[in-house]
Amino acid sequence: MKTKYSTLSRSRTYIVVPRDVPPENFLSVPETQKERKTGLVRCVLIPVLVLLVIAGLLSGLGYLVHGYHSHQETDKWRGREEHGQDDPAAAYEYTELVVDQNTTLYLRTPVPSPCSSSPCLGGGSCESHDGTFTCYCGVGRWGQFCEKVVKRSHRGQLVAQFSGQSYVKLRSVATAGPRTSIRVQMRTSSKDGVILFSSLDSDQNSGNLSLSLVGGHVQFRYHLGEDHLVLQSPYQVTLGSWHNLVLQTYHGDAMLRLDTQEPVLGSLQGGKLAGLGSEVVIGGVDQSARFMGFRGCLKHLKFGHRAVSLVSDVEPLLIEERGVGDCRSKELS
């Protein structure tokens, strides 16, 4: 009699089972699978393309984050310039008003600023801080409320001209809050020279702060003990043209700006900028021959909101003046 067979399929393995053979004698025949070969395109090129796409996305994200951070830093300095105080937020008083058992309202009322009564005379600007205020007087005014008038000399309206050997030594102005602000307009005839210099001294360290022209670029240098900071504008000045220069510091941050160009920002790592020393030299470094002084014209100097004359011999901050001339009116533009 012919033997009959049955075929079972399980897990892609075929088992041949004769009907008259015990199960322990089953013959297992595994399926032979076809070997797949991966080509060069799938093995190398596709992963490389995926990595390039990921790198492009990360680069784009990094650029956006950097741009946002830069704009935030610039807006922060602009906000300080516009408000002129450490915390530009207005002060308010809050009054609690109970409407019912589940509802309570708080009424916000502005607290009058110490500057609301315009205490600074003669066009002086007022800055509120710590519950009080400070007046910053214009040229020709001084005193707590800018109530005192300086008698002008015959040179009171002229513009200071520096030869590279001349300078003006001034007493520094104490500023309210942890910041320093210096503004000046300049017209130079040389690409190198010291515009401003101030020696810094603390209990254990000594150093200096300076604004200079280096190869036509405005450069700010700060050195005190182990703290060092250098900022340099990427834009060159134009010889014979007027430029606006602004330097501001706040705690450990510093901002340098030439005209309307993008400001240059920098920070001390874990330190604070000491600001100006007790004396400031404009146009050079006292009588030191180690540094070339500024050659050109300077005007509209301001320490904070305090305007300073570089040509008046009755300027309250004046300590010493040496060799400063005047820029002729026909040269001014």
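I'm working on a predicted model, where local features need pLDDT of at least 70, side-chain atom pairs count only at pLDDT 80 or more, and totals for chains, interfaces and linings use all residues. Residues are numbered from 1 along each chain as its sequence is written, and side-chain values use heavy atoms, with hydrogens and water left out.

**Rings.** How many aromatic pairs are there? I get two, taking Phe, Tyr and Trp (six-membered ring) with centres within 6.5 Å; planes under 30 degrees apart are stacked, over 60 edge-to-face, the rest tilted.

I looked up Phe133 and Phe145: centres 6.0 Å apart and planes at 40 degrees, so this pair is tilted. Phe133 is in strand β7 (132-136) and Phe145 in the loop between β8 (141-142) and β9 (148-149), so the pair ties together parts twelve residues apart in sequence. Strands here are DSSP E runs of at least two residues, numbered from the N terminus.

Next I checked Phe162 and Phe294: centres 6.4 Å apart and planes at 70 degrees, so they are edge-to-face. This pair ties together parts that are 132 residues apart in sequence, because Phe162 sits in β10 (160-163) and Phe294 in the loop between β20 (279-282) and β21 (295-303).

**Charge over a ring.** I found Lys299 over the face of Trp242, 4.2 Å from the ring centre (cut-offs: NZ of Lys or CZ of Arg within 6 Å of the centre and within 35 degrees of the ring normal).

**Valine 44.** I placed Val44 in helix α1 (residues 40-83); helices are DSSP H or I runs of at least four residues.
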